[in-house]
Amino acid sequence: MGIPELEAPRTAAGRAGLAALLAAPAEAVVALDFDGTLAPIVPDPEQARAHPGAVAALCALAPLVGAVVVVTGRPAELAVRYGGFAAAPGLEHLTVLGQYGAERWEARTGALSAPEPPPGVAAVRALLPAALERAGAPAGTWLEDKGRAFGVHTRRTGDPQAALERLRAPLAELAAAHGLVVEPGRYVLELRPPGVDKGAALTAFLAEPREAAGHTAHIGGAVLYAGDDLGDLAAFAAVEKRRADGLPGLLVCSAGNADSTGGEAPVRELADRADLVVPGPAGVVALLAALAGRLSAGR
Ligand SMILES: O=P(O)(O)OC[C@H]1O[C@H](O[C@H]2O[C@H](CO)[C@@H](O)[C@H](O)[C@H]2O)[C@H](O)[C@@H](O)[C@@H]1O
């Protein structure tokens with residue numbers, strides 16, 4: 001079988017990022033969001049699973065690059081489970097940064113670090129059901145308790161966008177009263193502690209010393225980041241900042257789903273800022289596989 005085609009990024013910065021990744025893969029980091037990027041969007045968040053080709057593509061690529069990291073709004077343990085990332089040959093050095101960087105799982109040790117949530121989380125947990133009722137949350141609204149944050153999902157209501165708008169202000173008020181913030185996502189309002197985002201998580205990860213070719217080094221090579229949602233904008237900004245500092249990067253937008261809920265418009269700002277827009281998780285998997293093919297052919 002031939003090497004899958006690698007689509008050229010539409011921007012000069014993206015082309016430079018891709019070229020740097022291919023030229024010095026051992027210095028590169030591949031960072032990926034989970035839902036909507038590695039896992040197709042589905043109506044029930046508990047049924048989300050990695051695209052059938054995702055683990056194989058990651059297993060092929062991970063040994064060829066400096067590091068692979070999943071940066072997700074999910075609890076890290078859930079992303080590992082839904083992703084099928086544990087004990088996958090090739091993913092022995094995978095890191096999963098969960099809850100926007102508050103949690104961390106390392107494949108190498110199987111260790112999970114998940115610090116205690118701030119006290120406001122318990123207060124919001126107690127008050128959220130009544131607040132949703134008072135706000136007139138429509139049938140189908142689903143509350144996801146992530147331990148240190150909450151997702152209020154409207155995808156399964158009759159009019160998901162209208163439900164989101166109806167709940168936005170009352171939830172912001174409740175969150176603020178207990179030291180949390182509300183961040184919107186794809187038909188979800190997340191109530192979570194402030195001060196964590198995917199940009200800070202990615203930047204901190206990239207600053208960590210890691211073993212490269214027998215010596216300890218910081219990542220000075222290319223960073224590929226792929227995401228699909230508003231929460232990924234902070235990671236895009238982190239890569240853009242590195243680029244402004246002269247370090248190469250490639251921004252990928254996973255746009256839409258090819259399956260069940262299909263046809264959802266991409267998050268405009270993410271698509272506009274991306275160097276490469278690919279058709280959902282299937283497109284991300286094809287990109288990862290193409291990168292792995294190119295890199296292993298060049299060895
Ligand atoms: O950072 P991510 O890995 O993209 O996680 C963001 C949130 O994703 C999940 O919700 C989204 O995916 C669901 C399953 O496809 C979908 O039903 C929902 O509409 C989306 O918003 C997850 O439930 C959240 O906890 C994550 O923070």
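## A pair across two strands

T95 stands opposite E106 in β4. T95 belongs to strand β3, which spans residues 95–98 and pairs with β4 in the antiparallel sense over four bridges.

Between β3 and β4 lie four residues, and the two strands form a hairpin.

## The next hairpin

Strand β4 also pairs with strand β5, residues 112–113, again in the antiparallel sense but over two bridges. Here R104 stands opposite S113 in β5. This hairpin has five residues between its strands, and G110 takes a positive phi near 75°.

Which residues of β4 are on its covered face, and which on its uncovered one? E103 and W105 make up the covered face of this strand, residues 103–106. R104 and E106 make up the uncovered face.

## One side of helix α2

Helix α2 runs over residues 54–61, and its buried residues are A54, A57, L58 and L61. These four lie on the same side of α2, because they cover an arc of only 100° around the axis. An α-helix has 3.6 residues a turn, so residues three or four places apart point the same way.

What covers the buried residues of α2? The cover includes the strands β1 (29–32) and β2 (67–71), together with the helix α9 (280–297).

## The chain as a whole

The protein chain has nine helices and 14 strands. Along the principal axes, its C-alpha atoms fill a box of roughly 60 × 40 × 35 Å. The radius of gyration is 19 Å, which agrees with the value near 19 Å for a compact globule, because the chain has 299 residues.

Of the 299 residues, 48% are buried. Among contacts with a separation of 6 or more, 68% are between residues 24 or more positions apart.

## Confidence in the model

The average pLDDT of the protein chain is 93, and 94% of the residues score at least 70. Residues 258–262 have a pLDDT below 50, and this stretch has nine contacts in the model beyond near neighbours in sequence. Where pLDDT is low, the predicted coordinates should not be read in detail.

For the complex, the predictor gives an ipTM of 0.99 and a pTM of 0.95.

Note on methods:
Residues are numbered from 1 along each chain as its sequence is written. This is a predicted model: local features need pLDDT of at least 70, side-chain atom pairs count only at pLDDT 80 or more; totals for chains, interfaces and linings use all residues. The radius of gyration is taken over C-alpha atoms; the globule rule is 2.2 Å times the number of residues to the power 0.38. A residue is buried if 20 or more other C-beta atoms lie within 10 Å of its own, exposed if 12 or fewer, and partly exposed in between; C-beta atoms are placed from the backbone. Two residues are in contact if their C-beta atoms, placed from the backbone, lie within 7 Å. Two strands pair if DSSP finds at least two bridges between them. pLDDT is the predictor's confidence in each residue, from 0 to 100. The arc is that of the directions from the helix axis to the C-beta atoms.
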